[in-house]
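Please read this briefing alongside the sequence and the coordinates.

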Protein chains: 2
Amino acid sequence: MAQLKLQPETAVQTEIYAKFFHGLSNPTRLRIVEILLDGEKNVSQLVEATGATQSQVSNQLACLKWCGYVTSRQEGKYVLYRISDERVRTILQLAKAIVADNAEHIRCCTRM
Amino acid sequence: MAQLKLQPETAVQTEIYAKFFHGLSNPTRLRIVEILLDGEKNVSQLVEATGATQSQVSNQLACLKWCGYVTSRQEGKYVLYRISDERVRTILQLAKAIVADNAEHIRCCTRM
DNA sequence: TCTTTATATCATAATACCTTAATATATTGA
DNA sequence: TCAATATATTAAGGTATTATGATATAAAGA
């Protein structure tokens, strides 16, 4: 007899988690997160620090904000961004620890 | 005077970490990882459990293998896959905890 | 050996993502 | 109000990723 298929609920959950990880799957976004882990920054500072264009940074910040990684507040003509959940720091540390043992593998990955 | 740009080294590092997270950024791949956290499985079992096609599962397994998430061993006509680093479990738990506080936000994210 | 089952690979088409450039909005100070 | 600066949004094109279907390889048993 066929095994019960996964509840739709589970599929939705998995998609949310996948989206969450997608947030950290782009070098520019990840770099922004790393920089913000060092403290609140405005957009211009992030543009300077990442070397990406202003458009890119604003767009990726919007993505990070949507996904709950960062929050922002206006201060004068600047918009200051900061990490909204300190646990993100732990996730990154853990990832780095794992990658340390697999860096060569991952770097060479050309499949996708 | 302009601030020093990031060392190329750092950019490479960030790209590796981004690639690492990319591994978990696809629903099928993430589901496979979740299932394998429950124990070693062969490809057919993963096809059954995920509802994805055999081609999809094999391809995503190849990706996960390249990136060091899983390893495999042949046993007769089956190929058994398992998680290669238990710390992946911790990353997932952490992500789920964070998402629990931001699920609605992330689900609605249509930007990318 | 032939057939069946299990898994992997490949080509192609569809989709999603990212970059770039242009433009819009909002704040500040003249 | 006008100009300058900071940030956000949008459209278009290029690139990367994914899904699909077809085919290849490899092991097991008849």
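In this predicted model, α4(B) contributes the largest share of the surface near DNA strand C, namely four residues. On the surface near DNA strand D, it is α4(A) that gives the most, again with four residues.

**Surface near DNA strand C**
- Divided by class, the surface near DNA strand C holds twelve polar, five nonpolar and three charged residues.
- Two side chains place a polar atom beside a phosphate oxygen of DNA strand C: for Ser44(B) the distance is 2.3 Å, and for Asn26(A) it is 3.1 Å.
- Val43(B) approaches through its backbone instead, with an N or O atom 3.4 Å from a phosphate oxygen of DNA strand C.
- The elements that give two or more residues to this surface are α4 (54-66) of chain A and, from chain B, α3 (43-50), α4 (54-66) and β3.

**Surface near DNA strand D**
- Of the 20 residues around DNA strand D, Ser44(A), Gln54(A), Tyr81(A), Ser55(B) and Gln56(B) come nearest, and 69% of the atoms of DNA strand D that come within 4 Å of the protein belong to sugar and phosphate.
- The residues of this surface comprise twelve polar, five nonpolar and three charged ones.
- A polar backbone atom of Lys77(A) lies 3.4 Å from a sugar or linking oxygen of DNA strand D.
- At least two residues of the surface near DNA strand D come from each of α3 (43-50), α4 and β3 (78-83) of chain A, and likewise from α4 of chain B.

**The hairpin of chain B**
- Strand β2 (residues 70-75) of chain B pairs with strand β3 (residues 78-83) of chain B in the antiparallel sense, over six bridges, and β3 of chain B is also among the elements that give two or more residues to the surface near DNA strand C.
- Within this pairing, Gln74(B) stands opposite Val79(B), a residue of β3(B).
- Two residues lie between the strands of the hairpin, in which Gly76(B) takes a positive phi near 60 degrees.

Technical notes: Residues numbered from 1 in each chain as written. Chains lettered and ligands numbered in written order. Predicted model: local features only at pLDDT ≥ 70, side-chain atom pairs only at ≥ 80, totals over all residues. Heavy atoms only, no water. Pairing = 2+ DSSP bridges. Polar contact = N/O pair within 3.5 Å; in protein donor to acceptor, adjacent residues only side chain to side chain. Nonpolar A, V, L, I, M, F, W, Y, C, P; charged D, E, K, R; others polar. Near = heavy atom within 4 Å.
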